[in-house]
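Please open the structure in a viewer and keep the sequence panel beside it.

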Amino acid sequence: MKKTIKIILIPLIVNVCNLYAEDNEKIDQLERDLQELKNRISKIETMMINSSESDILAKIHEGWKSVRNWRIISTIMSIDDVRNILGEPQRNDGGDMTIWHYENYGSVTF
């Protein structure tokens with residue numbers, strides 16, 4: 001009886017260990033895939049910021065009138081990038097800092 005139990009338990013233990021190893025390999029692969037996707041998204045976001053798409057966005061989304069365009073604005077953009085996205089400001093206050101004012105009471109400070 002004891003030999004029968006040992007013979008049954010050994011293959012069972014080996015199977016459980018193999019399943020555990022396969023699960024760890026799958027988890028590791030999923031983590032690698034997730035990191036690759038994060039890297040791709042980061043590259044795409046950088047390309048969008050640096051591309052000339054800002055001209056297209058301003059025309060399609062009506063410049064400063066579009067909430068989407070305001071959300072695109074970031075601190076790493078140049079004055080020309082902001083102008084391409086939002087359009088010309090209604091008023092421009094110069095000085096140590098330049099502040100562009102738009103009709104919707106929105107403003108951008110450089």
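**First stop: the sheet**

Begin with the open sheet of 3 strands, whose order is β1-β2-β3 and whose pairing is antiparallel. Its edge strands are β1 (91-93) and β3 (107-109), each of which pairs on one side only. On average, neighbouring strands of this sheet are turned by 15° against each other, direction ignored. Such angles run from 0 to 180 degrees between N-to-C directions, and the axes are lines fitted to C-alpha atoms, for helices over the stretch in contact. Two strands count as paired if DSSP finds at least two bridges between them.

The model is predicted: local features need pLDDT of at least 70, side-chain atom pairs count only at pLDDT 80 or more, and totals for chains, interfaces and linings use all residues. Residues are numbered from 1 along each chain as its sequence is written, and side-chain values use heavy atoms, with hydrogens and water left out.

**The whole chain**

Now select the protein chain, which has 4 helices and 3 strands. Read from the N terminus on, its elements run α-α-α-α-β-β-β. Helices (H or I, at least four residues) and strands (E, at least two) are DSSP runs, numbered from the N terminus.

Of the 110 residues in the protein chain, buried ones make up 16%. Buried means under 20% relative accessible area, exposed over 50%, and partly exposed in between (1.4 Å probe, protein chains only).

Among contacts in the protein chain with a separation of 6 or more, residues 24 or more positions apart account for 25%. A contact means heavy atoms within 4.5 Å.

**Strand β2 and His101**

Return to the sheet and select strand β2 (residues 99-101), which pairs with β3 in the antiparallel sense over 3 bridges. Within strand β2, pick out His101. Its bridge partner in β3 is Ser107. Is His101 buried or exposed? His101 is buried, with a relative accessible area of 19%.

Next, display the surroundings of His101. Leaving aside its neighbours within four places in sequence, His101 is in contact with Pro89, Gln90, Arg91, Asp93, Gly106 and Ser107.

**The aromatic pairs**

How many aromatic pairs does the structure hold? There are 2 aromatic pairs. Rings of Phe, Tyr and Trp (its six-membered ring) pair if their centres lie within 6.5 Å; planes under 30 degrees apart count as stacked, over 60 as edge-to-face and the rest as tilted.

Select Trp70 and Tyr102, an edge-to-face pair with 5.5 Å centre to centre and 90° between the planes. Trp70 lies in helix α3 (residues 67-72) and Tyr102 in the loop between β2 and β3, so the pair ties together parts that are 32 residues apart in sequence. Trp70 is partly exposed at 22% relative accessible area, whereas Tyr102 is buried at 3%.

Then select Trp100 and Phe110, whose ring centres are 4.9 Å apart and whose planes stand at 70°, so this pair is edge-to-face. Trp100 belongs to strand β2 and Phe110 to the segment after β3, so the pair ties together parts that are 10 residues apart in sequence. Trp100 is buried, with a relative accessible area of 3%, while Phe110 is partly exposed, with 29%.

**The salt bridges**

A salt bridge is a side-chain nitrogen of Lys or Arg within 4 Å of a carboxyl oxygen of Asp or Glu.

Which residues are linked in a network of salt bridges? They are Asp80, Arg83 and Glu88. Asp80 and Arg83 have their closest N and O atoms 3.1 Å apart. Both lie in helix α4 (residues 79-86), 3 residues apart, about one turn of the helix. From Arg83, follow the salt bridge to Glu88, where the closest N and O atoms are 2.6 Å apart. Asp80 is partly exposed, with a relative accessible area of 48%, and Arg83 is partly exposed, with 28%. Glu88 is exposed, with 52%.

Finally, select Arg91 and Asp93, whose side chains meet in a salt bridge (3.1 Å, N to O). Arg91 is partly exposed at 46% relative accessible area, and Asp93 is partly exposed at 27%.
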